[in-house]
Amino acid sequence: MRILVTDGMDKSAQAKLAAMGHEVVNQFYEPAELGTALRDFNAVIIRSKTKIRKQQIDEAKGSALQLIIRAGVGVDNIDVAYAEENGIAVKNTPRASSQSVAELAMAHMFSCARFISAAGATMRAGKWEKKAYSGGIELSGKTLGIVGFGRIGQKLCAMAKGIGMTVIASDIYHIPGIEEQLGMQYVENDELLARADFISLHAPAVNGKALICAENIEKMKDGVVIINTSRGTNVDEDALLDALNSGKVLAAGLDVFAQEPSVNAALYNHPAVSATPHIGAGTNEAQARIGEEIVDIIANF
Ligand code: NAD
């Protein structure tokens, strides 16, 4: 197969594909050129930067293109149904990055509780603001509310339990037996909003009203911490910014933004925000596992 890799991919997995006899080309294309370029390939591997929409599928359909692989979890950057209607299969690597994303969510929880991001920035600016950053809080003994209790939510639960947090979760689907197995409790979303000291989002991009919106923030405890490593559109950024400014929300840890790269400087520069540029799956281990899953997908295709 001729395989196009647009957003980078683990080098050892690329070497394996080459050893299997495939030709791998690393090249990013702007949206206007991508569809035509895809006509020369049998498969394309993308991360989150490349978007394959109806326009690109229309330009590529009827060619050799048979397979789109999203190296990661969310396939919201691909018009999946339209690709499949046109005979192009879409696959992803749903399990490979769960631990890495959960660890980043945990890191943002610690960062928010102890002002790690903001305090580090002031030290780089030559300041020693020990007093300003001495009013932190412990995670132990607090309640973590996980919205979307899938692969990543469950990994986060295990870590949070390990440091003494109480874990509650809301999900549109309840996995039988998991409450006893992981020592957590499913609750209705409104109960989660009212009880949680920390709220971490792990649902896919939800259509309609954002999971974190002004109305839902109202229902939360004063001084709640919000973490989002899911999808940027799950948070109404204006509502979050208002709540950070009023102090209703103590701090927020954000890896994903409504628009990426984010243009919301007021949000990512806010002293109570711990921000990262969508690096949830950005570990050597996750990328190696994603690479292995992709080699398997192509071998089985
Ligand atoms: P998953 O499919 O295993 O779990 C998602 C869970 O959310 C499911 O249990 C589902 O029932 C639940 N859900 C769906 N709609 C819901 C709603 N409206 N309210 C509450 N729960 C709802 O997915 P996952 O692998 O755990 O990934 C979770 C999120 O993390 C996705 O948004 C994914 O795109 C994102 N993600 C981000 C990064 C990153 O780099 N930051 C990397 C990987 C995944």
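Trainee: Where is the place of E179?
Mentor: E179 sits in helix α8, residues 178–182. Helices (H or I, at least four residues) and strands (E, at least two) are DSSP runs, numbered from the N terminus. This is a predicted model: local features need pLDDT of at least 70, side-chain atom pairs count only at pLDDT 80 or more, and totals for chains, interfaces and linings use all residues. Residues are numbered from 1 along each chain as its sequence is written, and side-chain values use heavy atoms, with hydrogens and water left out.

Trainee: Which residues does E179 touch?
Mentor: Not counting residues up to four places away in sequence, E179 touches M184, Q185 and Y186. Contact means heavy atoms within 4.5 Å. A polar atom of the E179 side chain lies 2.7 Å from the backbone nitrogen of Y186. For a polar contact, a pair of N or O atoms must be within 3.5 Å; within protein, one must be able to donate a hydrogen and the other to accept it, and residues adjacent in sequence count only if both atoms are side-chain atoms.

Trainee: Different topic. In what order do the seven strands of the open sheet come?
Mentor: The order is β8-β7-β6-β9-β10-β11-β12, with parallel pairing. Two strands pair if DSSP finds at least two bridges between them.

Trainee: Which strands stand at the edges there?
Mentor: β8 (185–186) and β12 (273–275) do. Each has a single partner strand, so one side of each is left without a neighbour in the sheet.

Trainee: And how many bridges join β6 to β7?
Mentor: Five bridges join β6 (residues 143–147) to β7 (residues 166–170). In that pairing, V147 stands opposite S170.

Trainee: What does α11 lie across?
Mentor: α11 lies across β10, β11 (249–254) and β12, and runs at about 135 degrees to β11. Axes are lines fitted to C-alpha atoms, for helices over the stretch in contact, and angles run from 0 to 180 degrees between N-to-C directions.

Trainee: Where does N234 lie?
Mentor: N234 lies in the loop between β10 (224–228) and α11 (237–246).

Trainee: Buried or exposed?
Mentor: N234 counts as buried, at 0% relative accessibility. Buried means under 20% relative accessible area, exposed over 50%, and partly exposed in between (1.4 Å probe, protein chains only). The N234 side chain reaches the backbone oxygen of A203 at 3.4 Å.

Trainee: Now the ligand. Which residues come nearest to it?
Mentor: Of the 24 residues around the ligand, R151, I152, D171, A203 and D255 come nearest. A residue is near a molecule or strand if one of its heavy atoms lies within 4 Å of it. A polar backbone atom of A203 is 2.8 Å from an oxygen atom of the ligand. The protein covers 84% of the 870 Å² of accessible area that the ligand has on its own. Accessible areas come from the Shrake-Rupley method with a 1.4 Å probe; for residues, only the protein chains shown count as cover.

Trainee: What about the five-strand sheet, what is its order?
Mentor: That open sheet has the order β2-β1-β3-β4-β5, and the pairing is parallel. Its neighbouring strands are turned by 20 degrees against each other on average, direction ignored. Four bridges join β3 (residues 43–46) to β4 (residues 67–70), and A43 stands opposite L67 in β4.

Trainee: Which strands does helix α1 lie across?
Mentor: Helix α1 (residues 11–19) lies across β1 (2–5), β2 and β3. A15 is found in helix α1 and is partly exposed, with a relative accessible area of 46%.
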